[in-house]
Amino acid sequence: MNELAQVLDLFDTGIPPLGVRLAETTRNRCELHVGDARQLLSQMPDGHFDCIVTSPPYWGLRDYGVTGQIGAETTVDEYIADLVSLFREARRTLSDDGTLWLNIGDSYTSGGRTWRGADAKNKGRAMEYRAPTPVGLKPKDLIGVPWKLAFALQADGWYLRTDIIWNKPNCQPESVKDRPTRSHEYLFFFSKSEKYYYDWQAVMEPASDPKQKTKNRRTVWNITTEPYPGSHFAVYPRALVRLCVAAGSRENGRILDPFFGSGTTGVVCNELGRYCVGIELNTEYADLARERLLRGR
Ligand SMILES: C[S@@+](CC[C@H](N)C(=O)[O-])C[C@H]1O[C@@H](n2cnc3c(N)ncnc32)[C@H](O)[C@@H]1O
């Protein structure tokens with residue numbers, strides 16, 4: 001029996017599984033697709049998912065070492081264009097009241113350097129090249145990638161509902177002495193339509209006023225990073241993903257992560273009782289995700 005024939009139809013949609021459903025444990029509700037998200041998304045049905053939670057590769061920061069990877073484009077405009085077309089296809093697979101939670105970090109221009117050597121502490125930081133300084137920017141400029149992407153997605157039809165600052169109290173130290181150390185990344189919250197599902201009560205936060213126990217969640221989230229042993233790249237913390245999944249979907253809802261990496265979104269979906277489809281280009285990371293999902297953390 002081949003691998004696909006063994007999988008369970010956990011989504012119970014009548015649609016044959018497109019990827020490998022990890023049927024080894026009954027607690028697992030994830031389906032893993034290995035390949036380029038641009039191609040795989042085009043095979044997925046319209047309006048299937050309730051919510052997308054994802055973190056695309058950042059531009060020019062890391063080399064994941066696989067042909068077709070996003071993030072290794074020569075110009076930031078090509079990178080943005082690649083992501084806009086990918087998320088357009090992802091929007092088609094989203095229900096009309098669906099939402100997108102997109103985590104993205106920024107980067108600086110290279111200052112004339114053309115490559116970055118291996119970083120002994122973080123193998124994934126090594127690049128075979130450093131992208132050239134974008135036209136109109138100077139050495140040492142912050143590029144503003146998150147907002148470029150947010151505005152491009154907005155122009156493509158997404159409703160940009162809010163930016164969220166993910167503040168990292170335990171951020172990586174930087175050796176810079178001419179600016180503050182960067183300790184935040186962005187999380188953008190988009191919807192497909194004007195009206196959409198958002199469970200504000202599921203993500204309330206403690207109130208400072210003693211008369212009130214909780215209040216509507218604010219837009220700065222203080223969440224420590226969560227290093228994942230064995231991975232060579234940016235894993236986002238489960239605590240961040242939990243808030244997106246809880247606000248963006250009901251129990252048994254369907255979540256998509258087109259940049260699955262080590263499968264953090266899937267781990268959280270299993271925890272919170274949601275179904276999840278993850279797409280990952282790099283087979284090594286897909287193996288890592290599979291192993292993580294089976295272990296449950
Ligand atoms: C920032 S990482 C995601 C990390 C993930 N959120 C986690 O917690 O492990 C981005 C991932 O996108 C994958 N990727 C890059 N280009 C891709 C593409 N065209 N299709 C699917 N995955 C891609 C990379 O291999 C990498 O694992």
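Glu-194 sits in the loop that runs between β6 (184-191) and β7 (205-206). Trp-158 is 36 residues away from Glu-194 along the chain, and their C-alpha atoms are separated by 9.4 Å.

Before I go on, please keep in mind that this is a predicted model.

Now the whole chain. The protein chain has 297 residues, and 36% of them count as buried. Its secondary structure comes to six helices and eleven strands. If you take the contacts between residues at least 6 apart in sequence, 67% of them join residues at least 24 apart.

Next, the core. In soluble globular proteins, nonpolar side chains tend to be buried together. Here, the largest nonpolar core has 60 residues. Ile-52, Val-53, Trp-101, Val-245 and Ile-255 are the ones with the most contacts inside this core. Helix α2, residues 76-92, gives the most to the core, with six residues.

What does Trp-101 touch, leaving out residues up to four places away in sequence? The list is Ile-52, Val-53, Leu-187, Phe-189, Cys-244 and Gly-248.

Back to α2. How far apart should its ends be, at 1.5 Å a residue? The 17 residues should span 24 Å, and the end C-alpha atoms are 25 Å apart, so the two values agree.

Which residues of α2 are buried? They are Val-76, Tyr-79, Leu-83, Leu-86, Phe-87 and Ala-90. Looking down the axis of α2, these buried residues fall within an arc of 100°, so they line one face of the helix. For the background, an α-helix has 3.6 residues a turn, so residues three or four places apart point the same way. The cover over the buried residues of α2 includes α1, β3 (49-54), β4 (94-104), α3 (145-155) and β10 (254-257).

Last, the ligand. How many residues surround the ligand? There are 22, and the closest are Ala-37, Phe-259, Gly-261, Ser-262 and Thr-264. By class, this shell holds twelve nonpolar, seven polar and three charged residues. Two elements, α1 (37-42) and β11 (275-280), each supply at least two residues of the shell.

Key. Residues are numbered from 1 along each chain as its sequence is written. This is a predicted model: local features need pLDDT of at least 70, side-chain atom pairs count only at pLDDT 80 or more; totals for chains, interfaces and linings use all residues. A residue is near a molecule or strand if its C-beta atom, placed from the backbone, lies within 6 Å of it. Helices (H or I, at least four residues) and strands (E, at least two) are DSSP runs, numbered from the N terminus. Ala, Val, Leu, Ile, Met, Phe, Trp, Tyr, Cys and Pro count as nonpolar, Asp, Glu, Lys and Arg as charged, and the others, Gly among them, as polar. A nonpolar core is a set of buried Ala, Val, Leu, Ile, Met, Phe, Trp, Tyr and Cys residues joined through C-beta atoms within 7 Å. A residue is buried if 20 or more other C-beta atoms lie within 10 Å of its own, exposed if 12 or fewer, and partly exposed in between; C-beta atoms are placed from the backbone. Two residues are in contact if their C-beta atoms, placed from the backbone, lie within 7 Å. The expected span of a helix is 1.5 Å times one less than its number of residues. The arc is that of the directions from the helix axis to the C-beta atoms.
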